[in-house]
Amino acid sequence: MEAGPSVMGQLMRRVRVDLGPRSYDIVVGAGAISLTGYELQRLGAARNAAILSNHAVMRRLGGALVRSLEDCGLTVQTVTVPPGEKSKNLRQVARIYDALSSAGFSHDDTLIALGGGVVGDLAGFVAGTYMRGVRLVQVPTTLLAQIDSGIGGKSAVNHPRAKNLIGVYHQPALVVADPDALRSLPPAEMRFGLAEAVKYGMAMDRELFEMLEGFTPKTLEEIVYRCAAMKARVVEEDEFERGPREVLNYGHTVGHAIEAAFPGRFTHGAAVAVGMRVEARAAVRLGLLAEVDAARQVALLERLGLPVEVPAGPPGPLLDAMRLDKKRRGGRIRCTLPEGIGRARLGVEVPDSLMQEVVVECQFVAYAAPSR
Ligand SMILES: NC(=O)c1ccc[n+]([C@@H]2O[C@H](COP(=O)([O-])OP(=O)(O)OC[C@H]3O[C@@H](n4cnc5c(N)ncnc54)[C@H](O)[C@@H]3O)[C@@H](O)[C@H]2O)c1
Ligand SMILES: [Zn+2]
């Protein structure tokens, strides 16, 4: 941890993402949004900035960001898209290209994403392609975006035939994660972000898992910092997803299948929560994970208000969705499975028959004795 500049005496923390010429900092701290202009100046990016956001987020958080940029001599333009996943498409991308080009946005300028993962993905895609790449800054405003999607340079938009089908890798030059921005986040969005935090805890960081067991809004900043630091380490190890980044896939083999098999019934975070329960069951059955640790995870997910049940019904469609998943290499279902709290094994093959059994087991909430 390196001390950084402060807002009204409060220290900002920095996580360095070391990727050679594409290295960047994640600045984490309450009030960090007001330092965005200063941080950009340090990067020598002090000309024009365009903010991509949606109306509601812009109204809430845009003022502080614009002030910070203008105070540092930047000219600021704003482009908004309607809220929600439906905006993550090539039509919106074309609209944004139009807005940028008619404002004379060019090489030395900076595109700033102010919003959740949808805005972050759109901005990442545009920044990676407009003029073959312009500077990108992520100012994530949902928990999911602060701990996951805003870091790592992966971006994609949807195609009518598939989610996230069209995308690029384009690292940001700076990420500003301000936990104060999360105050207005609807409780449901907070929970979905917490599901990803449980993923980091279970797969990589026992202390984080325990922190989540005692979650209060006061611990949120520490949680954001720890998750961001973990995502940074994983991205450093595997920028282009050739292997190690798979640790972040815990809960997602089953989670993605749940999203696909029950369209519209599960958000991503909710599907991942159920996915982690199912995959932890598989880990228990394979002798990798102790029963008590699986029960402790169920207790945590429930405490955070996350679902843990697979909808009732024949498991066939869910299994089919897993077979279609691109992660099923060599015709087998492979998962990142926990070997304890805070440790995971990558690419574990789960036989179809076992997967079917644990899916059915998770169609009701098994009694989980309190672990402590
Ligand atoms: N690129 C990656 O590595 C990556 C990783 C995970 C997810 N994603 C993508 O992220 C997207 C989901 O992101 P999300 O969960 O942030 O959803 P989102 O961007 O749709 O945001 C959720 C809702 O919260 C609102 N909102 C945002 N900030 C707010 C605030 N501070 N206060 C009040 N409301 C606020 C948004 O307007 C939106 O309505 C998906 O499209 C997914 O594919 C990308
Ligand atoms: Zn996820």
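This is a predicted model: local features need pLDDT of at least 70, side-chain atom pairs count only at pLDDT 80 or more; totals for chains, interfaces and linings use all residues.
Figure 1. A pocket is an open set of points on a 1 Å grid over the protein atoms alone, with protein on both sides within 12 Å along at least five of seven lines; a cavity is a set of points where a 1.4 Å probe fits but cannot get out, and lining residues have an atom within 4 Å of a point.

Residues are numbered from 1 along each chain as its sequence is written, chains are lettered from A and ligands numbered from 1 in the order in which they are written, and side-chain values use heavy atoms, with hydrogens and water left out.

**Figure 2. Domain 1 meets domain 2.** The C-alpha centres of these two domains lie 27 Å apart. Contact, meaning heavy atoms within 4.5 Å, links 27 residues of domain 1 with 24 residues of domain 2. Between them the domains bury about 2300 Å², 61% of it on carbon and sulfur atoms. Look for Arg 13, Ile 147 and Tyr 169, which supply 28% of the area that domain 1 buries against domain 2, more than any other three residues. Buried area is the accessible area (1.4 Å probe) that two parts lose on being put together, summed over both.

**Figure 3. Here is the largest cavity, with about 40 Å³ of space.** The whole structure holds two cavities of 30 Å³ or more. The largest cavity is lined by Gly 120, Gly 124, Leu 136, Gln 138, Ser 149, Gly 150, Gly 153, Lys 154, Ser 155 and His 170. Of these residues, eight are polar, one is nonpolar and one is charged. At least two lining residues come from each of helix H4 (117-129), strand S7 (135-140) and strand S8 (154-159). Helices (H or I, at least four residues) and strands (E, at least two) are DSSP runs, numbered from the N terminus.

**Figure 4. Helix H10 (residues 268-285) carries Met 276 and Glu 279.** Both are covered: Met 276 is buried at a relative accessible area of 0%, and Glu 279 is also buried at 0%. Buried means under 20% relative accessible area, exposed over 50%, and partly exposed in between (1.4 Å probe, protein chains only). Beyond its neighbours within four places in sequence, Met 276 contacts Ala 195, Val 198, Lys 199, Tyr 250, Gly 251, Gln 297 and Leu 301. With residues up to four places away left out, Glu 279 touches Asn 249, Tyr 250, Gly 251, His 252, Thr 253, Val 254, Cys 335, Thr 336 and Leu 337. From Met 276 to His 252 the C-alpha distance is 7.5 Å, across 24 residues of sequence.

**Figure 5. Helix H9 (residues 252-261) is mostly covered.** Seven of its 10 residues are buried: His 252, Thr 253, Val 254, Gly 255, Ala 257, Ile 258 and Glu 259. Among the elements that these buried residues pack against are H6, H10 and strand S9 (162-169).

**Figure 6. Leu 194 sits in helix H6 (residues 187-204).** Leu 194 is buried, with 3% relative accessibility. Its contacts, apart from neighbours within four places in sequence, are Leu 143, Leu 212, Phe 215, Leu 304 and Leu 306.

**Figure 7. The loop between H4 and S7 holds Met 131 and Arg 132.** Phi is positive in both, near 50 degrees for Met 131 and near 60 degrees for Arg 132. Met 131 is partly exposed at 36% relative accessibility, whereas Arg 132 is exposed at 81%.

Notes:
Grid points are joined across faces, edges and corners, and a volume is the space filled by probe spheres set on the points. Ala, Val, Leu, Ile, Met, Phe, Trp, Tyr, Cys and Pro count as nonpolar, Asp, Glu, Lys and Arg as charged, and the others, Gly among them, as polar. Domain bounds come from an automatic or database domain assignment.
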